[in-house]
Amino acid sequence: MTSLWLDEVAADPHPPLTDDTTADVAIVGAGIAGIATAYHLARAGAKPIVLEARTVAEAASGRNAGFLLAGVAENFIAASRRYGEDRALRIWRFTKHNQELVRAIVARERIGCDLDWNGSEQIAGDDEEWAEVRASADRLGKESVRVRIVPDEHAAIYEDDGELHPVRYVRGLAAAAIAAGARIHDRTRATSVAKGEVRTGRALVRTSAVVVCTNAYSRHLVPLRVRPVRGQMLATAPVARRVFERPAYANRGYRYWRQRADGRLLVGGWRDTAADEEVGEEERTTARIQDQLERFLRERSPEAKITHRWAGTMGFSHDALPYVGRLESGVFVSAGFTGHGMAFATATGDLVADLVRDKRRSETDLFAPERP
């Protein structure tokens, strides 16, 4: 079944590419990473072309929960252990910059994507995580982050996090990119890339730079350490009462839920209960995961009617940070978002757009594709 998001928004038609062409920059992939890159390049005066095997936001960008969170999937203390506190703070600030960019772009381009800033709830799944959640809130509070602890729920509420309709956002951004000078071609699968060119089944694009933004499918075009992982969700018809106050991220990010302004409930995750099965590129739901999503839903809202069940394929990196930059081959990449494309990709689009134009940026070491 298609996602709720994709079911609600008709795709704008973008013709397939049938003839050879040239462009300032060729971008492969029209999810949030590719579209954001095209938008920032076009705003800077370049004339990019975007090639998409399906339609804009039809893959993972149209199959997620629509969260705009700061940070990575792990709480800040866990992230500090993995990356070191200085790097963890830089990553946090980068995702805050992503939120600021989304806010500014939605206002400037008048994108109707139900953007709201109700905060998010980070909920611990056990005592060890609860201690980390409390310590994370304490540490980030010293950085002027608006966060408060809710002891009864073993949770921290981050007041400035957001939520949106991901398909309306990405397709609205695509329209803005086109207005600024970008070209987008749906149903145009890239078969190979090299420095200065992209080949499809029917055409050749010659360009000064190539950016691969295919996330989980990157390995088909470039040697990138991205592993395809499946995520599943369900959604309901509108529920009259308020079940969830704000988007929630629980059990180290493996479980998540939210309620839209129209009353619809969305529940996703639980892949940690079938980690060996929830891998690969097949976008199919399974009874094992869907039964757990529905069990959680019934505990909170027995009356809710399920209208949509779906799956999407995420691209996981080796260290949960995206790969953004230039490969040894000269091809640029922006991929490996590890289930957090909405939290990073508007800002990584800006970053890779600068790198393509030889502008220096301080964040390049954080996301270098060939980092250890």
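Predicted model: local features only at pLDDT ≥ 70, side-chain atom pairs only at ≥ 80, totals over all residues.

Residues are numbered from 1 along each chain as its sequence is written, and side-chain values use heavy atoms, with hydrogens and water left out.

Helix 4 covers residues 85-109, and because 25 residues at 1.5 Å a residue should span 36 Å, the 36 Å between its end C-alpha atoms agrees with expectation; helices here are DSSP runs of H or I with at least four residues, strands are E runs of at least two, and both are numbered from the N terminus. The expected span is 1.5 Å times one less than the number of residues.

The structure holds four cavities of 30 Å³ or more, a cavity being a set of points on a 1 Å grid over the protein atoms alone where a 1.4 Å probe fits but cannot get out, with lining residues having an atom within 4 Å of a point. Grid points are joined across faces, edges and corners, and a volume is the space filled by probe spheres set on the points. The largest cavity, of about 190 Å³, has 21 lining residues, with A70, V72, E74, W92 and Q122 nearest its centre. W92 also belongs to the lining of the second largest cavity, together with residues including K96 and Y158, and that cavity has a volume of about 50 Å³.

Definitions and conventions: 1 Å grid on protein atoms, 1.4 Å probe; cavity = no way out; pocket = protein on both sides within 12 Å on 5 of 7 lines; lining within 4 Å.
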